[in-house]
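Have the sequence and the structure open beside you, and try each task before reading its solution.

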Amino acid sequence: MIPGAQIIPERELSRVQEFMDRIDQHQKSLVFRATQDQPALLRDLINQLKTAS
């Protein structure tokens, strides 16, 4: 991430939606980020969009 850059929640939501559409949600997945920018936001978006328990 570029120093001083802001997180755009709508963009993160788009990325998470694409990720969730591509994976088998019945399997475990690890999500890695290049930086520690807002990991809670990413976790929350994944939990909101998941269809499998």
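At 26% relative accessibility, Ile23 counts as partly exposed, where buried means under 20% relative accessible area, exposed means over 50%, and partly exposed lies in between (1.4 Å probe, protein chains only). Ile23 sits in the loop between H1 and H2. Its C-alpha atom is separated by 15 Å from that of Leu45, 22 residues apart along the chain.

Before you go on, some ground rules. This is a predicted model, in which local features need pLDDT of at least 70 and side-chain atom pairs count only at pLDDT 80 or more, while totals for chains, interfaces and linings use all residues. Residues are numbered from 1 along each chain as its sequence is written, and side-chain values use heavy atoms, with hydrogens and water left out.

**Exercise 1. Describe the helix pair**

Task: work out at what angle H1 and H2 pack, and how far apart their axes are.

Solution: 
- Step 1. Recall the convention: two packed helices are described by the angle between their axes and the distance between the axes.
- Step 2. Read off the geometry: H1 and H2 pack at about 50°, with axes 10 Å apart. Axes here are lines fitted to C-alpha atoms, for helices over the stretch in contact, and angles run from 0 to 180 degrees between N-to-C directions.
- Step 3. List the partners: H1 contributes Pro9, Glu12, Leu13, Val16, Gln17 and Met20, and H2 contributes Leu41, Leu42, Leu45, Ile46 and Leu49.
- Step 4. Sort them: the contact residues divide into 9 nonpolar, 1 polar and 1 charged. In this scheme Ala, Val, Leu, Ile, Met, Phe, Trp, Tyr, Cys and Pro are nonpolar, Asp, Glu, Lys and Arg are charged, and the others, Gly among them, are polar.

**Exercise 2. Find the core**

Task: which residues form the largest nonpolar core?

Solution: 
- Step 1. Know the criterion: a nonpolar core is a set of buried Ala, Val, Leu, Ile, Met, Phe, Trp, Tyr and Cys residues joined through side-chain atoms within 4.5 Å.
- Step 2. Name the members: the largest core has 5 residues, namely Val16, Met20, Leu42, Leu45 and Ile46.
- Step 3. Assign them: helix H1 (9–22) and helix H2 (39–49) are the elements that give two or more residues, and H2 gives the most, with 3.
- Step 4. Follow two members. Val16, in helix H1, is buried at 3% relative accessibility. Leaving out residues up to four places away in sequence, Val16 touches Leu42, Leu45, Ile46 and Leu49, while Ile46 touches Val16, Met20 and Val31.

**Exercise 3. Buried or exposed?**

Task: decide whether Glu12 and Thr51 are buried or exposed.

Solution: 
- Step 1. Glu12, found in helix H1, has a relative accessible area of 8%, so Glu12 is buried.
- Step 2. Beyond its neighbours within four places in sequence, Glu12 is in contact with Ile7, Arg33, Leu41, Leu42 and Leu45.
- Step 3. Thr51, in the segment after H2, counts as exposed at 69% relative accessibility.
- Step 4. Thr51 and Gln25 are 26 residues apart in sequence and 7.1 Å apart in space, C-alpha to C-alpha.

Methods. Helix = DSSP H or I, 4+ residues; strand = E, 2+ residues; numbered from the N terminus. Contact = heavy atoms within 4.5 Å.
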